[in-house]
Amino acid sequence: MDESTPGALAPSTPQYTPLEFTGDGWAYFRIWVVNVALSVLTLGIYSAWAKVRMNRYFYGHTQLAGASFEYLAEPMAILKGRIIAVLALVIYSAVTQSPTLWALIPPVLFMFALPWLVNRSLAFRLANTRYRNVRFSFTGTYGPGFKVHVLWLLAAGLTLGALLPLALQRQQRFVVEHTRYGLSEFSSELPGGAFYVPALQALGMVLLAGALSALLPAVAPLALTLGGLMAYAHFSAQTLNRVLGASQLGDHRFEGRLETLPWAWVLISNAVLVALSLGLAIPWARIRAARYKLSHVGLWIDGDLEEFLAAEVAQSSALGEELGEAFDLDIGL
Amino acid sequence: MTAGVQGQLYGMSGSRSVTAWLNREGATLCWRDEAGQILASAPLEACEFSDAPGGAAAFVTLPDGQRFETREGSALLALGGGAAGFRRSWLSRLEGHGGAVLLAVLVTALLLYAGIRFAVPAIAAEVAEAVQPSVAQGMDRAVLRGLDEGVLAPSRLAPADRERVEALLAPLIPGAPSHVQPALAFRDGGEVVGANAFALPGGQIVVTDAIVELLPDAELQAVLAHELSHGAARHSLRRGLQFSGLAVLWSWVTGDLGALLTLLPVTLLELSYARDFEFEADAQAVERLVTIGRDPEALARALGRLSPEGSVARSSGYLSTHPPTVERLEALAAAVKRVRGRDENF
């Protein structure tokens with residue numbers, strides 16, 4: 001028996017176990033600055049190794065019930081994906097600049113490629129994540145992906161955003177339900193209306209900031225920036241809580257305990273810190289954000305985590321993930 | 001009796017684990033449980049060591065797929081004693097070396113400085129040079145349309161006044177690069193824009209009614225010479241390109257951390273480029289005025305007249321990109337002196 005599993009003491013009642021993040025600003029600063037220097041010196045080629053190094057640091061310093069996460073991606077796979085992604089981005093920008101109808105082709109192609117991109121990106125990331133000698137994987141396929149990532153988004157656009165919270169709920173549920181840990185599938189009971197309350201609250205914050213800046217033009221830039229960041233912090237924290245609260249792996253239920261104000265404080269103070277330090281505080285900003293987020297996410301462990309079976313995980317290419325990053329997609333939780 | 005490196009030993013087929021103590025016996029690694037029973041063993045050379053950067057968890061992968069996870073990474077490395085699979089990567093050593101980290105900070109700072117000071121402006125100037133005049137003029141129309149929908153209103157100047165201003169600009173144009181086709185656009189700037197003139201990417205010069213009414217002809221001509229110089233050097237086009245260049249450089253260093261406020265350093269740097277352009281346009285305006293036999297000190301007088309009224313110092317946006325008037329006046333006086341001194345030598 002794993003002594004460090006609290007659930008082992010009382011097998012019948014689930015035990016809330018938060019993720020533990022042990023990353024440290026100074027330690028990460030050393031890794032970050034070596035990464036940056038080598039990336040700049042090699043004209044960006046090293047950035048693939050830098051990404052692996054950074055992820056290995058953050059994964060390695062994330063623990064659940066005494067066991068650590070591992071990031072397994074190979075830098076060469078990331079470099080290959082990155083080179084193709086940059087080429088694709090250059091072609092995309094060149095063709096969309098053209099004044100002819102050809103300019104319409106890349107966005108249409110992109111729309112049809114989007115579900116594939118998201119699926120490949122999640123597959124790469126999850127297949128390269130290991131915990132307790134068992135890897136994660138992603139089983140989403142093109143058809144359902146097209147429905148949630150393209151059709152639902154189009155519906156949201158046609159209704160001027162009224163269906164956007166529903167579209168986002170569909171996307172999140174799709175992601176959770178197609179994630180596997182070894183042979184075990186995650187399940188989600190996220191209800192359709194789950195995101196409407198946080199969305200309306202965030203909208204209210206933006207409107208409030210807008211009204212304030214209309215009344216007092218002198219504080220307009222500050223009010224709008226803070227209002228926007230608050231709205232973002234609120235929406236991201238509350239939706240994450242809801243997604244996690246509705247997710248389950250076997251008998252173990254997830255829970256998110258992020259709170260809007262502390263999370264907003266982390267984001268806002270980070271932005272100020274990075275701006276004032278001309279970027280030197282970036283490592284601390286990343287560590288602070290990860291620490292807050294991870295330590296407010298946990299699992300109600302029912303019994304212990306000993307019973308998961310490993311699965312054969314097909315190794316996937318990094319192209320999807322790198323394309324997604326090049327086109328600035330925000331994929332995953 | 002338990003001794004050795006403590007950790008969890010995972011089976012090859014699932015998340016099941018047992019607490020194990022690892023010891024080295026000759027060329028063999030041996031895992032034992034609390035009671036001293038052997039759980040697993042493998043030749044040292046066939047095992048693979050890995051650890052998270054910064055020393056969190058460390059792992060040993062056995063040849064059969066079992067894995068051992070421990071927090072005692074250093075003890076584990078010592079146990080491996082430099083065997084092929086048991087070494088910290090050179091990167092780990094680099095990151096652990098204070099001098100190397102300091103060197104990395106210096107190298108990064110130096111390269112960034114070189115990029116910001118030389119590479120970005122040089123590349124932006126090259127690219128701006130390559131932009132077709134028709135494209136730049138298309139941008140002018142788009143920018144002006146945007147301004148017309150926002151802060152600018154149609155001019156209320158009499159046709160005679162407009163012709164007078166056109167006549168002031170005409171003698172300045174010869175000598176400007178062929179790609180610049182300076183055209184005047186008269187607009188009423190209202191309270192927001194005030195007495196102002198500015199050059200668009202393609203060389204079009206926007207003058208507000210207030211500045212035409214405020215400045216005597218000689219000073220207005222000096223201001224036009226300044227704006228013409230902006231257009232000739234494609235300053236606003238280069239500013240846009242420099243901003244993009246800086247943003248790329250910045251995102252390269254900061255990686256995924258692209259929050260709104262973190263663009264502040266980029267904006268600050270861009271403003272410093274903008275102030276350099278003001279000094280450059282002032283100096284070139286002096287040259288132009290002297291070439292056509294006008295009094296170059298009119299520009300300094302125009303600045304002085306615009307400044308106390310407050311339109312230069314107070315208005316935000318375009319004009320906060322300008323250096324303090326006092327500094328500009330000093331630089332102008334020096335430029336006038338330089339041009340005059342040179343001409344007397346001929």
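A residue is buried if 20 or more other C-beta atoms lie within 10 Å of its own, exposed if 12 or fewer, and partly exposed in between, with C-beta atoms placed from the backbone. The model is predicted: local features need pLDDT of at least 70, side-chain atom pairs count only at pLDDT 80 or more, and totals for chains, interfaces and linings use all residues. Residues are numbered from 1 along each chain as its sequence is written, while chains are lettered from A and ligands numbered from 1 in the order in which they are written.

**View 1. A:Ser93 sits in helix H3 (residues 75-97) of chain A.** Helices (H or I, at least four residues) and strands (E, at least two) are DSSP runs, numbered from the N terminus. A:Ser93 counts as exposed because it has 10 C-beta neighbours inside 10 Å. From A:Ser93 to A:Pro106 the C-alpha to C-alpha distance is 8.7 Å, with the two 13 residues apart in sequence.

**View 2. Chain A meets chain B through 41 residues of chain A and 34 residues of chain B.** Contact means that C-beta atoms, placed from the backbone, lie within 7 Å. On the chain A side, two or more residues each come from helix H1 (25-41), helix H2 (47-60), strand S4 (67-71), helix H9 (260-276) and helix H10 (282-295). H1(A) gives the most, 10 residues. This side has 24 nonpolar, nine polar and eight charged residues. Nonpolar covers Ala, Val, Leu, Ile, Met, Phe, Trp, Tyr, Cys and Pro; charged covers Asp, Glu, Lys and Arg; the others, Gly among them, are polar.

**View 3. Chain A holds an open sheet of 11 strands with antiparallel pairing.** Strands pair if DSSP finds at least two bridges between them. The order is S1-S11-S10-S9-S8-S7-S6-S5-S4-S3-S2. Strand S1 (15-18) and strand S2 (20-21) of chain A are at the edges; each has a single partner strand, so one side of each lacks a neighbour in the sheet. H2(A) packs on the sheet and touches strand S3 (62-64), S4 and strand S5 (129-131) of chain A. The direction of H2(A) makes about 165° with that of S4(A). Axes are lines fitted to C-alpha atoms, for helices over the stretch in contact, and angles run from 0 to 180 degrees between N-to-C directions.

**View 4. Helix H3 (residues 98-130) of chain B is kinked by about 40°, centred on B:Gly115.** The bend at a residue is the angle between axes fitted to the seven residues ending there and the seven starting there. H3(B) has 33 residues and reaches 46 Å from its first C-alpha to its last, close to the 48 Å expected at 1.5 Å a residue. That expected span is 1.5 Å times one less than the number of residues. Among the buried residues of H3(B) are B:Val101, B:Ile116 and B:Ala128.

**View 5. Strand S11 (residues 205-208) of chain B is covered on both faces.** B:Ile205 and B:Val207 are buried on one side, B:Val206 and B:Thr208 on the other. In a regular strand the side chains alternate between the two faces of the sheet. Strand S9 (residues 184-188) of chain B pairs with S11(B) in the parallel sense over four bridges. Strand S10 (residues 197-199) of chain B pairs with S11(B) in the antiparallel sense over three bridges. B:Ile205 stands opposite B:Leu184 and is also the bridge partner of B:Ala199. Five residues separate S10(B) and S11(B) in their hairpin, where B:Gly203 in the turn has a positive phi of about 105°.

How values were computed. Contact = placed C-beta atoms within 7 Å.
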